[in-house]
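Please brief me on this model. Cover the sheet, the helices and the charged pairs.

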Amino acid sequence: MRLLIVSPVYPFPPRDGSRILVAEPLHYLTELGHTVTLLCEGSPDVRHHPAMPGLHVHIVPASTRRDTRLRVLARSWFTGVPDAVLRACSPALQHAVAMHLHSGEYDLLHLEHQATAPLGRIARSLSIPAVLRQHNVEHDLYAGLAQLALRSRNLSRWAHFELQARLVRRCAT
């Protein structure tokens, strides 16, 4: 099977939880004989990855212009898109996913992390199956943060976390 795996993090070296969760399946899938292309955003100097037969790594250059936290929050509030998605699905990554899928070389799109879920729409439009592997249930995390903010009577933080919980829940469905 020919798989395109999209991850918001470059998993090598696998030194923390989210990187391990991405790197381990790459190892097993290539061991089983699948052809795997990993697509992620990173700096051009990030080229360290283990030699795995059947693994192709494509790194989309990270934007040199990083939005400030306030700008991301404002875009989230006005567009209705969760801030995690705005940070993980850059226009360059969206374009790279579309180009890879339009090539017709893939049987399945595998999305790592809920923040990459909107990229599944590209696969759906081309009738390519997509799988989303969620690492955390972020809407529960945001809901918990909203409750903490409410207890501390910080209404602006409560409003932000409550909105993000709703947006992430809606994005995942």
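**Salt bridges and fold**

Arg133 is partly exposed, at a relative accessible area of 27%; buried means under 20%, exposed over 50% and partly exposed in between, with a 1.4 Å probe and protein chains only. This is a predicted model, where local features need pLDDT of at least 70, side-chain atom pairs count only at pLDDT 80 or more, and totals for chains, interfaces and linings use all residues. Residues are numbered from 1 along each chain as its sequence is written, and side-chain values use heavy atoms, with hydrogens and water left out.

**Charged pairs**

- The structure holds two salt bridges, each defined as a side-chain nitrogen of Lys or Arg within 4 Å of a carboxyl oxygen of Asp or Glu.
- Arg133 pairs with Glu112, with the closest N and O atoms 3.1 Å apart.
- This pair links distant parts of the chain: Arg133 sits in strand β5 and Glu112 in strand β4, 21 residues apart.
- Glu112 counts as buried, at 1% relative accessibility.
- Arg2 forms a salt bridge with Asp107, and their closest N and O atoms are 2.9 Å apart.
- Here too distant parts of the chain are linked: Arg2 lies in strand β1, Asp107 in the loop between α4 and β4, 105 residues apart.
- Arg2 is partly exposed at 35%, and Asp107 is partly exposed at 31%.

**Sheet**

- Five strands form an open sheet, ordered β3-β2-β1-β4-β5, with parallel pairing.
- Strands (E, at least two residues) and helices (H or I, at least four) are DSSP runs, numbered from the N terminus; two strands pair if DSSP finds at least two bridges between them.
- β3 (55-61) and β5 (130-133) are the edge strands, each pairing on one side only.
- The twist averages 20° from one strand to the next; axes are lines fitted to C-alpha atoms, for helices over the stretch in contact, and angles run from 0 to 180 degrees between N-to-C directions.
- β1 (residues 2-7) and β2 (residues 35-42) pair over six bridges, and Ile5 has Leu38 as its bridge partner in β2.

**Helices**

- α1 (residues 17-31) lies across β1, β2, β3, β4 and β5, at about 160° to β2; contact means heavy atoms within 4.5 Å.
- α4 (residues 91-102) lies across β1, β2, β3 and β4, also running at about 160° to β2.
- The buried residues of α4 are Leu93, Ala96, Val97, Ala98, His100 and Leu101.
- Their cover includes β1, β2, β3, α3, β4 and α5.
- Gly104 follows α4 and has a positive phi, near 75°.
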